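Subject: Structure handover

Hello,

Here is the structure I promised. My notes follow below it.

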Amino acid sequence: MEPPKFGDCYTAGEIAQKIYKVSTETLMAHSIRAVEGYLRQHYDFDTAIVLQPSKEVLSDMGRMSWCSVASNTGDPSYIFYQDDHPNWEKSHKRFCIAHELYHVIWAVGSSIKTPRRDRTAESVCDIFANELCRCHDTFYAEQATKQNADLRFQGLPFKSVT
Ligand SMILES: [Zn+2]
C-alpha cells in the first residue's frame, strides 16, 4: 500500500479529522495523560496508560472495569471497561476509568503488582473517581457560563512559522 501523501494539504486535513473522531471516543484522555505525568514525577515510573474498551470485562471479571499495571519499563498499563452495557452512559464509563486510575496510582505508589480490590480499596477508588469527575464537572459548568472560553480555540488559524 502506498503511504499517504503527507506533504499534501488535503491529506493533512483528512488525517486531522480522523484523529479528531478517535479523540472524541478517548474518554478521560487528559486525566490519563496527567496520571502518567504524576507517576513519572513522583515515582520515576514510566508507563503509558492505554484504554481498552471490551465486551468481556463484565462476564470475565464480574465488574464494569479492570486494570493491569505494567512494570517500570515503559510498557503500557491497561484500563479495560465494559463497552456495550445497555444501561451505561458515557458519564459512567468515565467514572469507571477514573476509578481504575486510582488503582494504578495506588499500585505504583506502593510498589505492588496487583492492585488491591477488597471492599475498602474499592470504596477509596470510588472516592477518588467521584472527586476527579466532580472537578471536571465544575470546570465544564463554569465554562458554560463564559461561552466555553477556555475550551475554545480563540483566533484560529495560527501559523507556527512567520
Ligand atoms: Zn476497583
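First, a convention: angles under 35 degrees count as roughly parallel, over 145 as roughly antiparallel, 65 to 115 as roughly perpendicular and the rest as oblique. This is a predicted model, where local features need pLDDT of at least 70, side-chain atom pairs count only at pLDDT 80 or more, and totals for chains, interfaces and linings use all residues. Residues are numbered from 1 along each chain as its sequence is written.

The helix pair

Helix α4 (residues 90-109) and helix α5 (residues 119-145) have axes that come within 8 Å and cross at roughly 125°. Axes are lines fitted to C-alpha atoms, for helices over the stretch in contact, and angles run from 0 to 180 degrees between N-to-C directions. The two helices are therefore oblique to each other.

Contacts here mean C-beta atoms, placed from the backbone, within 7 Å. On the α4 side are Arg94, Phe95, Ala98, His99, Tyr102 and His103; they meet Cys125, Asp126, Phe128, Ala129, Leu132 and Cys133 in α5. The contact residues divide into 8 nonpolar, 2 polar and 2 charged. Ala, Val, Leu, Ile, Met, Phe, Trp, Tyr, Cys and Pro count as nonpolar, Asp, Glu, Lys and Arg as charged, and the others, Gly among them, as polar.

The strands

Helices (H or I, at least four residues) and strands (E, at least two) are DSSP runs, numbered from the N terminus. Strands pair if DSSP finds at least two bridges between them. Strand β1 (residues 48-54) runs parallel to β3, joined by 7 bridges. Ser54 stands opposite Gln82 in β3. Strand β2 (residues 65-68) runs antiparallel to β3, with 4 bridges. Ser65 has Tyr81 in β3 as its bridge partner.

Best wishes

How values were computed
Contact = placed C-beta atoms within 7 Å.
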